[in-house]
Amino acid sequence: MFSKSTHDIAASFSRRGVLAATAGLMLGLASLTGAKAADDTIKVGVLHSLSGTMAISETTLKDTILFLIDEQNKKGGVLGKKLEAVVVDPASNWPLFAEKARELITKDKVSVVFGCWTSVSRKSVLPVFKELNNILFYPVQYEGEESERNVFYTGAAPNQQAIPAVDYLMKDEKVKRWVLAGTDYVYPRTTNKILEAYLKSKGVAQEDIMINYTPFGHSDWQTIVADIKKFGSAGKKTAVVSTINGDANVPFYKELGNQGIKAKDIPVVAFSVGEEELAGIDTKPLLGHLAAWNYFQSIKSPENEKFIKAWQAYTKNPKRVTNDPMEAHVIGFDMWVKAVEKVKSTDPDKVIDALPGIEAKNLTGGTSKMLPNHHITKPVFIGEIKANGQFDVVWKTPGLVAGDAWSKELDGSKDLIGDWVGKKCGNFNTKTNKCLGSGS
Amino acid sequence: MPAHLSARLCSLALSFFLIAFALPALAGPFEDAVAKFANDDYSDTDEAIGVVASSGNPLAFPIISALQDGRLMADPDSKKVYVTGTDGKSIDAVTGQPVATVPDSASAVRLNNRLRRSVDAAIGSLTLQSPDVGTRLQAAQSVFKSHEETALEAVDGALAKETNKSVKAALGDARAAILLFKPDATEVEKLEAVATLKARGDQEALALLTGMGDQPASVTKAAASAIGSIQNSLAIWSMVQNAWYGLSLGSVLLLAAIGLAITFGVMGVINMAHGEMVMIGAYTTFVVQEVIRTRYPGLFDYSLLIAVPLAFVVAGAIGVLIERSIIRFLYGRPLETLLATWGLSLVLQQAVRTMFGPTNREVGNPSWMSGAFELGQITITYNRLWILVFTLAVFAILLAMLRYTALGLEMRAVTQNRRMAASMGIATSRVDALTFGLGSGIAGIAGVALSQIDNVSPNLGQSYIIDSFMVVVFGGVGNLWGTLVGAFTLGIANKFLEPVAGAVLGKIAILVLIILFIQKRPRGLFALKGRAVEA
């Protein structure tokens with residue numbers, strides 16, 4: 001009896017499976033024919049995780065690109081053609097990023113891709129973009145040490161976020177002792193290496209630097225927070241520089257708050273905590289902790305106010321926040337449109353050559369420029385967390401900071417530059433006058 | 001005519017007021033300092049705080065405390081500064097006269113961390129003689145923290161009048177801290193200060209002693225011995241602290257695993273969707289808090305108590321549904337169960353992601369779950385303490401249920417020998433469904449507690465599933481006590497390893513140890529014995 005009934009179930013399941021497969025096939029066919037009919041559009045690939053761990057951050061960026069395309073199409077598109085977004089979901093799965101990138105370029109024939117968040121996903125798609133010669137706009141702050149011909153880095157390099165933040169703490173808060181706390185992967189490890197070298201060059205002793213790594217999604221911060229407290233009671237002003245990633249931040253800040261460490265005692269400056277992340281936290285215990293970014297939603301400028309209004313109207317959510325990587329996509333998208341219009345073509349080779357030198361307004365009232373090393377110029381802001389989940393800007397760089405592809409603080413990279421205009425090279429050694437080959 | 005007259009009177013009165021206010025304020029240091037608040041410059045604000053606090057003006061305290069709460073409004077155009085009271089009424093910060101409305105161009109004076117420290121120090125020295133004991137204690141503590149030389153007179157004054165024992169001790173500490181850093185204090189005073197701090201013996205005293213800079217030789221020597229003795233006692237306390245952290249981590253592991261100890265341990269279902277039941281419990285808490293926030297804000301402190309039964313019912317009902325629709329067809333086929341429940345976990349995650357969005361949802365801590373208290377030299381946070389208590393309570397209730405209720409008896413009977421139980425007239429499939437529902441419901445309850453210390457996001461469950469399986473397997477499948485001992489052992493071992501090896505290596509070391517242990521004892525710490533094992 002039992003076995004028979006399960007067999008029936010299995011049979012009906014497989015029938016359903018066949019049905020679903022047929023439906024899927026038909027859908028696929030429909031989308032294929034749809035693609036043929038829409039030959040007069042320019043396709044823009046969107047490669048952001050919509051499921052899995054990184055969906056928390058990347059979904060917003062997908063929406064941002066859809067929003068920007070919508071706005072551009074209202075203005076008549078580009079080169080007289082409408083833009084069409086092709087959205088894929090790499091599901092926070094790094095090898096899948098490469099597969100989906102290949103699919104976007106070869107099957108959907110996109111002219112440009114906006115995507116990736118984690119460095120490991122970027123590294124995973126690099127060979128695909130090089131092999132198939134397409135363009136990737138990467139919108140997130142990252143560890144640097146890379147300059148690829150096919151990639152345009154619109155997020156901050158370490159000298160556009162980490163170093164100014166440390167400078168602020170050193171000068172304004174008179175910090176003498178440093179905790180570099182991060183999640184255990186490439187971005188925090190490289191950033192902390194750069195920061196450690198920078199701090200030592202400023203005369204900070206080894207015993208005044210504590211480096212701590214935790215696994216992804218770490219949730220029990222009791223020991224580490226107690227350690228930080230202990231480290232901070234050596235009679236010198238102490239600060240925490242946090243490259244703790246994503247989800248682990250909430251329990252970290254909660255533990256800090258519960259153990260009574262206030263920002264005025266030991267401030268924490270974070271490089272991965274923005275408006276979007278704060279939207280899920282009770283911000284009361286975080287008051288006064290810092291974040292360093294190139295954009296804050298609270299910055300008053302006509303461009304920013306216009307953007308926030310249009311974004312909230314587009315998402316039909318008057319509380320929807322904006323954040324730094326979104327601004328990076330806004331700048332990158334604008335630059336790409338300008339470059340395409342300049343060369344009157346979406347051919348990747350022509351657009352790649354046209355992009356350096358292109359200028360686009362950023363949302364904080366300045367004009368960012370694409371540099372020969374494929375990074376851009378950006379202002380740097382330090383903001384304090386306010387009770388409403390927004391930031392109060394307490395400091396900013398006097399002008400725009402040019403992004404360094406290669407850190408000047410590290411022995412291995414201080415002589416390297418990326419220059420895709422004059423030298424046609426991503427890692428040109430200025431001492432030996434030689435190009436070392438690939439740019440990462 | 002009368003109307004005309006009254007209008008004129010009004011305008012006369014108005015112009016009189018205007019003149020009164022337009023009169024240049026008597027320029028003194030206090031007035032100048034207050035005007036500086038309107039410059040929106042952190043250095044100017046810092047200077048103003050110092051001058052206002054030491055001015056002796058009766059308005060000093062209202063101004064500084066308004067600054068602390070963001071109620072000090074400054075108009076950058078007219079350079080006028082207003083204090084808005086907690087009742088919404090405003091006064092002019094220089095004259096103390098009430099004003100009808102604060103101009104729209106005025107905005108709250110901004111603070112950064114450096115200024116917040118100055119404000120704390122200023123408030124401390126201003127409230128040392130407050131009638132309220134709590135305020136005085138806080139004041140003494142903030143003076144201890146800032147140990148500004150200027151506060152010495154105020155501390156001495158307060159010490160002479162103080163009658164409360166703990167405030168007196170705090171004032172003594174503050175005085176010692178000030179003297180230690182006062183360049184012209186005598187050697188005797190400094191030696192006394194070192195002795196006071198040594199007696200205090202906590203990390204803050206240690207911080208002061210290590211950071212005191214150049215001192216006479218005798219003081220340096222006394223300080224060195226004080227530092228040594230404080231460090232020794234702190235080292236012992238840090239062992240106690242590790243043990244407490246271990247218990248706390250163990251309680252979280254136990255809470256997450258206890259539901260799995262039923263579904264996997266007792267029933268033998270490899271339930272990869274267990275973590276998602278925890279997540280559903282956490283989201284139930286979120287929904288409860290949302291409703292409370294919008295409709296009954298007064299009930300917020302009870303939100304968790306309301307969420308616990310609801311989470312049990314929601315997660316339990318989903319559990320029963322899963323058992324009836326999927327798992328019952330897969331009994332005895334562990335591999336298929338694993339794949340089916342794994343797929344189910346992805347479906348549940350994506351469903352929650354679609355319904356609530358991919359970003360974290362805010363679950364607040366009720367007041368009784370926030371903050372910490374000091375026990376000797378260790379800090380015990382309330383949320384961890386309550387979670388430990390809650391976990392033990394859940395464990396005890398579950399144990400009692402299995403042992404003393406009819407349902408518990410049936411559950412044990414069915415899991416030990418299904419056919420025998422069936423022939424005794426027990427509806428085994430109903431018991432299966434209820435057992436799975438019970439395990440899922442308890443996972444849901446765990447979600448309520450975990451929402452207090454972790455993110456409420458669709459990924460919440462994933463971070464606990466591995467740990468939960470580890471605990472159940474390590475403790476011994478099918479034995480609730482094994483799960484308890486397993487969870488606390490792993491928690492404590494982890495917390496003693498973490499300071500030595502770091503969080504990443506510590507976790508790896510624990511995994512390696514468990515693998516080795518399982519090689520030696522495949523059935524875990526407390527293996528079930530007897531014929532039931534083979535069934």
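1. Confidence. The model is predicted. Chain A has an average pLDDT of 87, and 90% of its residues reach at least 70. Residues 1-37 of chain A stand apart from this average, with pLDDT below 50. That stretch makes 2 contacts in the model once near neighbours in sequence are set aside. Where pLDDT is low, predicted coordinates should not be read in detail.

2. Overall form of chain A. The chain contains 12 helices and 19 strands. Its C-alpha trace extends over about 70 × 70 × 45 Å along the principal axes. Of the 440 residues, 54% are buried. Among contacts in chain A with a separation of 6 or more, 68% join residues 24 or more positions apart.

3. The five-stranded sheet. Five strands of chain A form an open sheet in the order E2-E1-E3-E4-E5, with parallel pairing. Strand E2 (82-88) and strand E5 (151-153) of chain A each have a single partner strand, so they stand at the edges and one side of each lacks a neighbour in the sheet. On average, neighbouring strands are turned by 25° against each other, direction ignored.

4. Pairing and packing at this sheet. Strand E3 (residues 112-115) of chain A pairs with strand E4 (residues 136-138) of chain A in the parallel sense, over 2 bridges. Phe114(A) has Phe137(A) in E4(A) as its bridge partner. H2(A) lies across E1, E2 and E3 of chain A, and runs at about 165° to E2(A).

5. Val125(A). This residue belongs to helix H4 (residues 119-132) of chain A. Val125(A) counts as buried because it has 28 C-beta neighbours inside 10 Å, where the cut-off is 20 or more. Beyond neighbours within four places in sequence, its contacts are Phe97(A), Ala98(A), Ala101(A), Cys116(A) and Leu136(A).

6. Two residues with positive phi. Which residue in the loop between E2 and helix H3 (94-107) of chain A deserves a check? It is Ser92(A), whose phi is near 55°, a positive value in a residue other than glycine. Ser92(A) is buried, with 22 other C-beta atoms within 10 Å. Asp40(B) likewise is not a glycine and has a positive phi, of about 50°. Asp40(B) sits in the loop between helix H2 (29-36) and helix H3 (42-53) of chain B. With 12 other C-beta atoms within 10 Å, Asp40(B) is exposed.

7. Contact between the chains. How many residues of chain A are in contact with chain B? There are 47, and they meet 48 residues of chain B. Helix H1 (2-37), helix H2 (55-74), strand E7 (209-214), helix H7 (222-231), helix H8 (249-258) and strand E15 (391-396) of chain A each supply at least two residues to this side. H7(A) gives the largest share, 7 residues. By class, the side of chain A that touches chain B has 15 nonpolar, 17 polar and 15 charged residues.

Conventions
Residues numbered from 1 in each chain as written. Chains lettered and ligands numbered in written order. Predicted model: local features only at pLDDT ≥ 70, side-chain atom pairs only at ≥ 80, totals over all residues. Contact = placed C-beta atoms within 7 Å. Helix = DSSP H or I, 4+ residues; strand = E, 2+ residues; numbered from the N terminus. Nonpolar A, V, L, I, M, F, W, Y, C, P; charged D, E, K, R; others polar. pLDDT = per-residue confidence, 0-100. Pairing = 2+ DSSP bridges. Axes fitted to C-alpha atoms, helices over the stretch in contact; angles between N-to-C directions.
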